[in-house]
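Thanks for coming. I will go through one model today, starting with its sheet and then turning to some helices. Please have the structure open.

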Amino acid sequence: MPYKVTLIPGDGIGPEIIEATKKVLAATGIEFDWDERIVGQKAQDKFGTPLPDNVLESIKKNRVALKGPVTTPMGTGFRSVNVALRQSLDLYACLRPCKIYPGAPTLYKNVDIVIVRENTEDLYSGIEFARGSKEAAKLSKLIKDSTKTETREDSGYSIKVISETASRRIVKFAFEYARANKRKKVTAAHKANILKFSDGIFLTAARDVAREYQDIHFEDVVIDALCMRLARNPQQYDVIVLPNPYGDIVSDLCAGIIGGLGLAPGANLSDNIAVFEPTHGSAPKYAGLNKVNPMAMMLSATMMLRHLGETKAANNLEKAISDIIAEGKSVTYDLKTDPNQPAATTSEVAEAVIKKLKGQGG
Ligand code: NAD
């Protein structure tokens, strides 16, 4: 029986990296019955909403989705489909492995970090008040009355919300992940020295949950120090658990450490639904050029295969990708150390991965 999986090609570079990934998945021998859905501007034009109910229904029914990136208008326009999807389906854990594959263009060696990002609250709660609105004026008055602090009239407000419930849940997820994957250390990052009432809750919850996992080393670190230490010595980190916006930023930092966004896969998980998508966005300037690296999308697909219990196919696909990175020939521009060497196209990378898979016998 083929696996029924919701497929969201997204936009920008999404459709081309999804196409490449579908092809390599077919070459693993695992069969899929793709339930393709549209979101973002295309859905806005067709259904009058960027995240139609039929997409959520499809994911709820299939419980697994493979998703390309989706563009979010900057500053104005509809809210992020990516954030709305995670919140609507309560995909509270964002899992982003950042591992160096030999041959990847990086200054570092032996990095194998897993980022666990809280995915539902903090500055992404979507509670915002536009500059000049009645609500902004009310909030400004409340702030003045309760803290004696004047906010400037031309201010807009984005509210940071952190709950103990979501903090405990994500830290528990990080420890359970560490235990199941034989990881040795969990680091919780925060800014509780300044943000006492929000990050303070996250830190207290993290320390408390850590007591239940005596077999795994725990440490906490302020987010600025974490960034400095990641730049100097990323090898000291194993699993890092972070509130939502720090998780977003540190994911890109770690992607940079391992050789770029083209190599950084991810998954958004609830207790019974999984949506697999790379860390990177829709890179609109490269859309339709058959140029970008499909490997982050393909590696997200290996995470999906593992989630489905197809461990052998996942290992084969990851090995094929890693062999191609090591050889350095059939790789896209972002993995070329010498810019004068010709780079492979997105579809040529897919062909090279398929050839490797066939060479492995499936
Ligand atoms: P981005 O990740 O799309 O791209 C930034 C740069 O990284 C690109 O210009 C390119 O140089 C490089 N890059 C990204 N993916 C690559 C790949 N596969 N191969 C090679 N190089 C790659 O970030 P951005 O430009 O800030 O965002 C573009 C749009 O994507 C925005 O609308 C943003 O909101 C959206 N976005 C979506 C998601 C998602 O769908 N989950 C995630 C992040 C950003």
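**The sheet and its helices**

Ten strands, or 10 if you are taking notes, form an open sheet with mixed pairing, in the order β2-β1-β3-β12-β11-β4-β5-β10-β8-β9. Strands pair if DSSP finds at least two bridges between them. Helices (H or I, at least four residues) and strands (E, at least two) are DSSP runs, numbered from the N terminus. The edge strands, each pairing on one side only, are β2 (32-36) and β9. From one strand to the next, the twist averages 25°.

This is a predicted model: local features need pLDDT of at least 70, side-chain atom pairs count only at pLDDT 80 or more, and totals for chains, interfaces and linings use all residues. Residues are numbered from 1 along each chain as its sequence is written, and side-chain values use heavy atoms, without hydrogens and water.

Now β1 (residues 3-8) and β3 (residues 64-67): they run parallel and are joined by three bridges. L7 stands opposite L66 in β3. Helix α3 (residues 53-62) packs on the sheet, touching β1, β2, β3 and β12 (274-276). Contact means heavy atoms within 4.5 Å.

Next, which residues are buried in helix α8 (residues 223-232)? They are I223, A225, L226 and L230, where buried means under 20% relative accessible area with a 1.4 Å probe, protein chains only. Seen down the axis of α8, these buried residues fall within an arc of 150°, so they line one face of the helix. The arc is taken from the directions from the helix axis to the C-beta atoms. They pack against β5 (112-118), β8 (185-190), β9 (217-222), β10 (239-242) and α9 (244-258).

Conventions:
Buried < 20%, exposed > 50% of the residue type's maximum accessible area, 1.4 Å probe, protein only. Axes fitted to C-alpha atoms, helices over the stretch in contact; angles between N-to-C directions.
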